Amino acid sequence: VEVSMVTESKWKLPEPNANNAKVFVPPTSIKDIGNATVVRELPFDHHRMTSGVVVKQANGEIQVLLKGSYERIGMLCTTESVPNDFKQVTSNLAADSYYVLGVANKKLQSNLDWNKMTRDQLEDGLTFVGLLMFRNEMKEDSPEAIQELRDGNIRCIMCTGDNAHTG
C-alpha cells in the first residue's frame, strides 16, 4: 500500500536497502517544496490501526505524516479539520467494497524534541488530509471456484479486512 501511495503521488522513493537516509524527492510539478527525509518511523500498530513517519523537510520543518483506519484517523484529528459528512462518506465507501484509509498530518513546533515524544503525543491533534480508497475486485474465476468447493461439500468462508462494511 505504501509503495502504491508514493508511486501514484509521483514522489521518488529511495533505493531499496540504501545505506543513506530515506530521502523522498517530490515531483517536479510541485513547486516550493523540497526533499523530505524520514527521521523517525512509526510502524504499523494493530491496536492503534495506524502507521506513519516523522519527516524533516528541506526548509527544516518537522512534520508527522500518518495513515490508518479511517475510524482511527477521524478520532485522532482535530474536530474542525474533519468534514461534517466524514462518517457518512466513509461508511458508504466501505459498504461499496472500498478499502478506505484516512490520512493526517501535523507540523511540530521547532522547540519540541520529536525523538523523545511518545507515539500518543505524535498522534494527538492531527489535521485531517484526506482518504485513500482501494478496491479488490473479485477475480473472474472466483464464482466458479466457490461453486466447485460447495459441490465438494467444502464450507466456504469469506475473510475480509478489519471493517465489516467492506465485505
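Is K107 buried or exposed? K107 is exposed, with a relative accessible area of 56%. Here, "buried" means under 20% relative accessible area, "exposed" means over 50%, and "partly exposed" is what lies in between (1.4 Å probe, protein chains only).

Before going on, some ground rules. This is a predicted model, in which local features need pLDDT of at least 70 and side-chain atom pairs count only at pLDDT 80 or more, while totals for chains, interfaces and linings use all residues. Residues are numbered from 1 along each chain as its sequence is written, and side-chain values use heavy atoms, with hydrogens and water left out.

**The sheet**

Let's start with the strands. Helices (H or I, at least four residues) and strands (E, at least two) are DSSP runs, numbered from the N terminus. Two strands count as paired if DSSP finds at least two bridges between them. Six strands make an open sheet, in the order β1-β2-β3-β4-β5-β6, with antiparallel pairing. At the edges you'll find β1 (23–24) and β6 (127–134), each with a single partner strand, so one side of each has no neighbour in the sheet.

Now look at β2 (residues 36–45) and β3 (residues 50–57), which pair in the antiparallel sense over seven bridges. You can trace this by eye: A36 has Q57 of β3 as its bridge partner, and R40 stands opposite V54 in β3. The two strands form a hairpin with four residues between them, and M49 in that turn has a positive phi of about 65 degrees.

On to the next pair: β3 and β4 run antiparallel and are joined by seven bridges. K56 stands opposite I62 in β4. Again there is a hairpin with four residues between the strands, this time with G60 in the turn at a positive phi of about 90 degrees. As for β3 itself, six of its eight residues are buried, so this strand is mostly covered.

**The core**

What sits inside? A nonpolar core is a set of buried Ala, Val, Leu, Ile, Met, Phe, Trp, Tyr and Cys residues joined through side-chain atoms within 4.5 Å. The largest one has 21 residues, and those with the most contacts inside it are V54, V64, C77, L108, L122 and L126. The elements that give two or more residues to this core are β4 (62–69), α2 (70–76), α3 (86–95) and β5 (99–108).

Contact means heavy atoms within 4.5 Å. Leaving aside neighbours within four places in sequence, V64 is in contact with a list of residues including L42, V53, V54, A104, L108, L122 and L126.

**Helix α3**

Which residues of α3 are buried? They are F86, T90, L93 and A94. These four cover an arc of only 100 degrees around the axis (the arc is that of the directions from the helix axis to the C-beta atoms), which puts them on the same side of α3. The background is simple: an α-helix has 3.6 residues a turn, so residues three or four places apart point the same way. What covers the buried residues of α3 includes α2, β5 and β6. The face turned away from the buried side carries the exposed residues Q88 and A95. After α3 comes S97, whose phi is positive, near 70 degrees.

**Salt bridges**

Finally, the charged side chains. A salt bridge is a side-chain nitrogen of Lys or Arg within 4 Å of a carboxyl oxygen of Asp or Glu. By this rule the count comes to five. Here are three of them:

| Pair | N to O distance |
|---|---|
| E41 and K22 | 2.4 Å |
| R48 and D120 | 2.9 Å |
| K107 and E61 | 3.9 Å |

E41 lies in strand β2 and K22 in the loop between α1 (2–9) and β1, so their pair ties together parts that are 19 residues apart in sequence. Both count as partly exposed: E41 at 45% relative accessibility and K22 at 41%.

R48 lies in the loop between β2 and β3, and D120 in helix α4 (residues 119–122), so this pair ties together parts that are 72 residues apart in sequence. R48 counts as buried, at 15% relative accessibility.

That brings us back to K107, which lies in strand β5, while E61 lies in the loop between β3 and β4, so the pair ties together parts that are 46 residues apart in sequence. E61 counts as partly exposed, at 24% relative accessibility. Salt bridges that share partners also join R48, R119, D120 and E123 into one network.
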